Amino acid sequence: MLSSLLTRIVVAIVLGALCGLFFPEPIARVFVTFNGVFSGFLGFLIPVLILALVAPAIADLGRGAGKWLLITAVVAYGSTICAGLMAFGTSMALFPSLLADETHDGGALSDPSEESLSSFFSIEMPPPFDIMTALLLAFCVGVGITMVRGTTLKSGLEELRDIIMLVVTRIVIPLLPVYVFGSFLSLTMNGQIGTVISTFFKVVITAFVLTIILLLLQYVIAGAIAKKNPIRLLKNMLPAYFTALGTSSSAATIPVTLQATRNNGVSEEVAGFTIPLCATIHLAGSTVKIVLFSTAVMMVTGIEIDPVQYFGFILMLGITMVAAPGVPGGAIMAAVGILQSMLGFDETAISIMIATYVAIDSIGTATNVTGDGAIAVAIDRFYKKSEDIDDDAVAEDPQPSAV
């Protein structure tokens, strides 16, 4: 299933970019309209999906669920911060020479939303609750079930999970290639890809290379922890990488990421809570892009870079972007506030950041979701090891003698 999906996603990306060169606008607007409706449906479904997957997965973990949630959150945040620091060090080492001849007056790039193709109509599909509410509710309900040892609510959540996964497998995944095609068709016809590459070509290349290095490091570490081949682990995650490359949304890619993670031998209960959780809080790839492009913008527009201040910006960035992956381009929108308040970005600098980030948003998103798989592999290893220790303790003393 995943290999077939991977092929369709790659074909959709190529066809979207090519068709954007000659498609008439009315036909293109049909796909833009479809993408708007499909994106709205995903926005409605994702919070429910997170609740339906995370809550029963936490309940399956048992009494130690809270510990594993905390460990996963700390690992995800640490990974995001390390990625930001790596990107900052790279930009400070390379950009002074790479961008020495670059100048920018702020007029070449604008907010891509101003030039986007419009859809024929839109349908409002408000979600029952937002992503952060879904996460908090899933945590509380899942941990609560482990404390009261409830079975009725747990069974209900498991049935909800089965229903949501049926919707995902029968509706969402089959339509993903069409959504990906429409996304790349729109980007090409809007001229955003060409404009960004011609203006910040060196930064784009640096971002792509650095995200690949980041993924290799993540999987080398995860492979060492789990005692598995890191290249094979990374290869199994390629369907998730290319799906995210097309959707530009970590949350929308959750179903594919889940299956790819299971193919890496991660248990159902661990995959069930690490992937939805990391899709919301683990933004290593997005952080790399924001750091690289923000430092590049600061250099070419003459904004002074204070390393200490920028370190604080990275720490805050890891917190600010939580729950942003629910929407394509959500990370940069969430970061706009601290770009202005902490780095002194004006409207011109913000418009450059939005244009450059959104046009190649998928690179960071694909890195995010692929890195989620590495965290899941590591957490699964720790979880299984702790389970083995608990089993050994029970075997040694199954019935403590009475005093």
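Buried means under 20% relative accessible area, exposed means over 50%, and partly exposed is in between (1.4 Å probe, protein chains only). Helices (H or I, at least four residues) and strands (E, at least two) are DSSP runs, numbered from the N terminus. You're looking at a predicted model, where local features need pLDDT of at least 70 and side-chain atom pairs count only at pLDDT 80 or more, while totals for chains, interfaces and linings use all residues. Residues are numbered from 1 along each chain as its sequence is written, and side-chain values use heavy atoms, leaving out hydrogens and water.

**Exercise 1.** Find which residues of α8 are buried.

*Solution.* Start by locating helix α8, which spans residues 238–247. Next, go through its 10 residues: 8 are buried, so the helix is mostly covered by the cut-off above. The buried ones are Pro239, Ala240, Tyr241, Thr243, Ala244, Leu245, Gly246 and Thr247. Finally, step past the end of α8 to Ser248, which has a positive phi, near 60°.

**Exercise 2.** Work out whether Ile13 is buried or exposed, and what it touches.

*Solution.* First, find Ile13 in helix α1 (residues 2–19). Its relative accessible area is 14%, so Ile13 is buried. Now look for contacts (heavy atoms within 4.5 Å). Skipping neighbours within four places in sequence, Ile13 contacts Val180, Phe184, Phe242, Leu245 and Gly246. Two of these names, Leu245 and Gly246, also turned up among the buried residues of α8. Last, check a distance: the C-alpha atoms of Ile13 and Ser183 are 8.4 Å apart, though 170 residues separate them along the chain.

**Exercise 3.** Decide whether Ile231 is buried or exposed.

*Solution.* Go to helix α7 (residues 230–236), where Ile231 lies. Its relative accessible area is 55%, so Ile231 counts as exposed.

**Exercise 4.** Describe the chain as a whole: how many helices and strands are there?

*Solution.* Count 15 helices and 0 strands.
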